[in-house]
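This report looks at charged side chains that pair with one another. Please view the sequence and the model below before reading on.

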Amino acid sequence: IEAYLMLCWLMTANAGGALKNRPHGWIVGPSGAGKTTLQDFIEALMGEWGLRTEDASAAGVRQLLDQDTLAVMFDEIEAEENNQDAVMQIVRLARLAYSGASAVRGSTDHKARQFVARSCFLFSSIHHHELPAQDRNRIAILSLAPFPKNTEKLVLPATLQQWGHALRRRLVEQWHRFD
């Protein structure tokens with residue numbers, strides 16, 4: 001089912017702002033299971049429709065997205081004692097993005113700034129963080145098994161960006177069937 005859910009995430013990530021709800025995913029698996037390779041694959045498919053990072057704050061993501069609905073992909077968002085609060089702020093941002101809720105923040109010039117998140121989030125780590133019930137309902141946990149020993153390293157096809165364009169075109173052409 002994980003492969004099906006990953007494909008569903010990929011398609012909803014391409015439609016972000018047009019959806020009522022935006023599901024999120026969290027890829028987990030042991031070291032060497034291919035989490036980063038899967039993120040590389042998805043990043044190539046998403047092209048300019050995605051934002052990938054390994055280290056960003058919730059405020060940084062909000063400012064970078066502004067009003068865009070790009071997919072947000074966090075690789076190696078590991079649970080460590082010194083970053084627990086920062087990670088949970090990002091998870092809270094994903095929770096807002098799920099339904100397109102707005103957040104209001106003050107700025108240094110004492111003017112409030114409203115932000116509406118409408119992006120699909122994808123996280124990957126060895127273990128997922130402890131998630132409150134409201135987040136477990138919005139984030140699908142996708143488990144990867146370790147590769148068998150002596151598995152050849154995957155070489156990503158150079159045509160992935162074109163495949164991503166073709167998937168987006170198919171999504172638009174078949175939008176009337178999306179529900």
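In this predicted model, the side chains of glutamate 173 and arginine 169 form a salt bridge, with 2.8 Å from N to O. Both residues belong to helix α6 (residues 160-173), where four residues, about one turn of the helix, separate them. Glutamate 173 is partly exposed at 42% relative accessibility, whereas arginine 169 is exposed at 58%.

Salt bridges with shared partners also join Asp40, Glu43, Arg52 and Asp75 into one network. Glutamate 43 has a relative accessible area of 35% and is partly exposed.

A further salt bridge pairs the side chains of arginine 95 and aspartate 135, at 2.7 Å from N to O. This pair links distant parts of the chain: arginine 95 lies in helix α4 (residues 84-99) and aspartate 135 in helix α5 (residues 133-136), 40 residues apart. Arginine 95 is partly exposed, with 24% relative accessibility. Aspartate 135 has a relative accessibility of 1%; it counts as buried because that value is under 20%.

The structure holds six salt bridges, and the table lists the pairs described above.

| Salt bridge | N to O distance |
|---|---|
| Glutamate 173 and arginine 169 | 2.8 Å |
| Arginine 95 and aspartate 135 | 2.7 Å |

Methods
Residues numbered from 1 in each chain as written. Predicted model: local features only at pLDDT ≥ 70, side-chain atom pairs only at ≥ 80, totals over all residues. Heavy atoms only, no water. Salt bridge = Lys/Arg side-chain N within 4 Å of Asp/Glu carboxyl O. Buried < 20%, exposed > 50% of the residue type's maximum accessible area, 1.4 Å probe, protein only. Helix = DSSP H or I, 4+ residues; strand = E, 2+ residues; numbered from the N terminus.
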